Amino acid sequence: MTSTNRMYGTEGSSALVPSYPMLTLIEGGIVRGGVCEQPQVRDESVVRPHLTRREALTVVVCTLMVAAGLLVALVVSNASASANLDSALSSIPAQEVVVEPGDSIWGLAGQHQVDGYSTSELAQWIFEKNSLSNSSLQPGQVLLVPASN
C-alpha cells in the first residue's frame, strides 16, 4: 500500500495552502511539416462551456417544464386551501345584528371573532353571507354575522 504525504505550507493567517504548484491546462502542439508548433496556454477566465443548439434547447425546455409544474402545483394548492376555507367558513353559526351608525364590515368582523379565523376572513364571510354589493352599511340594516365564541 502506498501513501502520499503532501506538504502544506501556511502563509500568514491563510488556511492550509498546498505548497506544490497549481496545474495549468495546456493544449497539445500541432506538428506541421515536421515542426511542432508551440503549445498555447489557455486563459481559464476566457474558457466558457459551449452548448450545442440541441443542448441549449433541452435546457430551455426543461426549465419551462419545471416552471409549469411549479405553477400547476401552486394553483392546485391554492384551490385546495380555498375549498377547505370555504367549507370551514360555511359551518360557522350566524346571528343577526342591526347596523348602528359608524359600523363597518371590518368592525363587525372584529367584534364577532371566531377562534381560528382572521378578521379578514370573517369580513369576507359577512360580505358574502349577506350578498352585499359594496362595503357601505346603512344604520338599521340587519346583517348576519358570525356567532361569537
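Colleague: Which residues of the largest nonpolar core touch the most other members?

Modeller: Bear in mind that this is a predicted model. A nonpolar core is a set of buried nonpolar residues joined through side-chain atoms within 4.5 Å. Here the largest such core has 17 residues, of which Ile92, Leu108, Ile126, Leu137 and Leu143 touch the most other members. Helix H2 (105–111), helix H3 (119–129) and strand E6 (142–146) each supply at least two residues of this core, and H3 gives the most, with four residues.

Colleague: What is leucine 137 in contact with, once its neighbours within four places in sequence are left aside?

Modeller: With those neighbours set aside, leucine 137 is in contact with Val99, Asp103, Ser104, Ile105, Leu108, Leu132 and Leu143. Two of these partners, Leu108 and Leu143, are themselves among the core residues that touch the most other members.

Colleague: Which residues of H3 are buried, and how should I read their placement around the helix axis?

Modeller: The general idea is that an α-helix has 3.6 residues a turn, so residues three or four places apart point the same way. In the case of H3, the buried residues are Thr119, Leu122, Ala123, Trp125 and Ile126. Viewed down the axis of H3, these buried residues fall within an arc of 155°, so they line one face of the helix.

Colleague: Is asparagine 130 buried or exposed?

Modeller: The cut-off for buried is under 20% relative accessible area, and asparagine 130 counts as buried because its relative accessibility is 17%. A polar atom of the asparagine 130 side chain lies 2.8 Å from the backbone nitrogen of leucine 144. Leaving aside neighbours within four places in sequence, asparagine 130 is in contact with Val142, Leu143 and Leu144.

Colleague: How many helices and strands are there in the chain, and in what pattern do they follow one another?

Modeller: There are three helices and six strands in the chain, and read along the sequence they follow the pattern β-β-β-β-α-β-α-α-β. Of the 149 residues of the chain, 15% count as buried. Among contacts with a separation of 6 or more, 49% are between residues 24 or more positions apart. The chain exposes about 11900 Å², with carbon and sulfur atoms supplying 58% of it.

Note on methods: Residues numbered from 1 in each chain as written. Predicted model: local features only at pLDDT ≥ 70, side-chain atom pairs only at ≥ 80, totals over all residues. Heavy atoms only, no water. Buried < 20%, exposed > 50% of the residue type's maximum accessible area, 1.4 Å probe, protein only. Contact = heavy atoms within 4.5 Å. Polar contact = N/O pair within 3.5 Å; in protein donor to acceptor, adjacent residues only side chain to side chain. Arc of directions from axis to C-beta. Areas by Shrake-Rupley, 256 points an atom, 1.4 Å probe, with all protein chains shown as cover.
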